[in-house]
Amino acid sequence: KDFRFNEDGNIFTPLGTVALTSELPTSGTLTGTGSVITGYWTKTAGILRQTFTIEVSPDENGNATVTFPISFSEVPTVQATGSVELQQEHTGGVANQSTSTSLKVTTTQAPLHFWTGSNTSSVVPSIVTITAEGPA
């Protein structure tokens, strides 16, 4: 009567549901990982979330690929924000998805496209913040 094993694998006690060590929240910093300027990661119930600021150098078309400091087991959801050009300090736009089949988010990286307020591709190195979340 003290323990009840549910068919979904959970263990119940009079005090509540038992959590396995692998289900407990964990976290860490990403600072100093590759070209990451600052960042952190958390993992709760198998979901990994990484938020980091990185310097990116777009190619001649304004495209760049960012590699996640920690890879995912499935393709994550990615959001890129806060693009600022380093040399001219212009605030620009950044998009993290593309309709091109060659530029899709994977378990290890995300494609980005940078542009300026005049709606032209930015080729200047920029600082951008990335948040990626998905199965660890």
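**Entry 1: the core**

I began with the largest nonpolar core, which has 20 residues, and found that Phe52, Phe68, Val128 and Ile130 touch the most other members. By nonpolar core I mean a set of buried Ala, Val, Leu, Ile, Met, Phe, Trp, Tyr and Cys residues joined through side-chain atoms within 4.5 Å. For burial I use relative accessible area: under 20% is buried, over 50% is exposed, and in between is partly exposed (1.4 Å probe, protein chains only).

I then looked up where these residues come from: S5 (36-44), S6 (47-56), S7 (63-67), S8 (77-85), S10 (109-115) and S11 (126-135) are strands that each supply at least two residues of this core. S6 gives the most, with four residues.

A note on what I am reading: this is a predicted model, where local features need pLDDT of at least 70 and side-chain atom pairs count only at pLDDT 80 or more, while totals for chains, interfaces and linings use all residues. Residues are numbered from 1 along each chain as its sequence is written, and side-chain values use heavy atoms, with hydrogens and water left out.

**Entry 2: Ile130**

Which residues does Ile130 touch, not counting those up to four places away in sequence? I noted Gln50, Thr51, Phe52, Ile54, Val66, Val78, Gln79, Ala80 and Leu112. Contact here means heavy atoms within 4.5 Å.

**Entry 3: Thr51**

Next I turned to Thr51, which is found in strand S6. Thr51 counts as buried because its relative accessibility is 13%. Its side chain and that of Thr131 are joined by a polar contact of 3.3 Å. Such a contact is a pair of N or O atoms within 3.5 Å; within protein, one must be able to donate a hydrogen and the other to accept it, and residues adjacent in sequence count only if both atoms are side-chain atoms. Leaving aside neighbours within four places in sequence, Thr51 is also in contact with residues including Leu30, Tyr40 and Ile130.

**Entry 4: Ser122**

Is Ser122 buried or exposed? I found it buried, because its relative accessibility is 3%. Ser122 lies in the loop between S10 and S11. Beyond its neighbours within four places in sequence, Ser122 is in contact with Pro58, Gly62, Glu85, Phe114, Trp115 and Thr116.

**Entry 5: the whole chain**

Last, I stepped back and counted zero helices and 11 strands in the protein chain. Helices (H or I, at least four residues) and strands (E, at least two) are DSSP runs, numbered from the N terminus. Of the chain's 136 residues, 31% count as buried.
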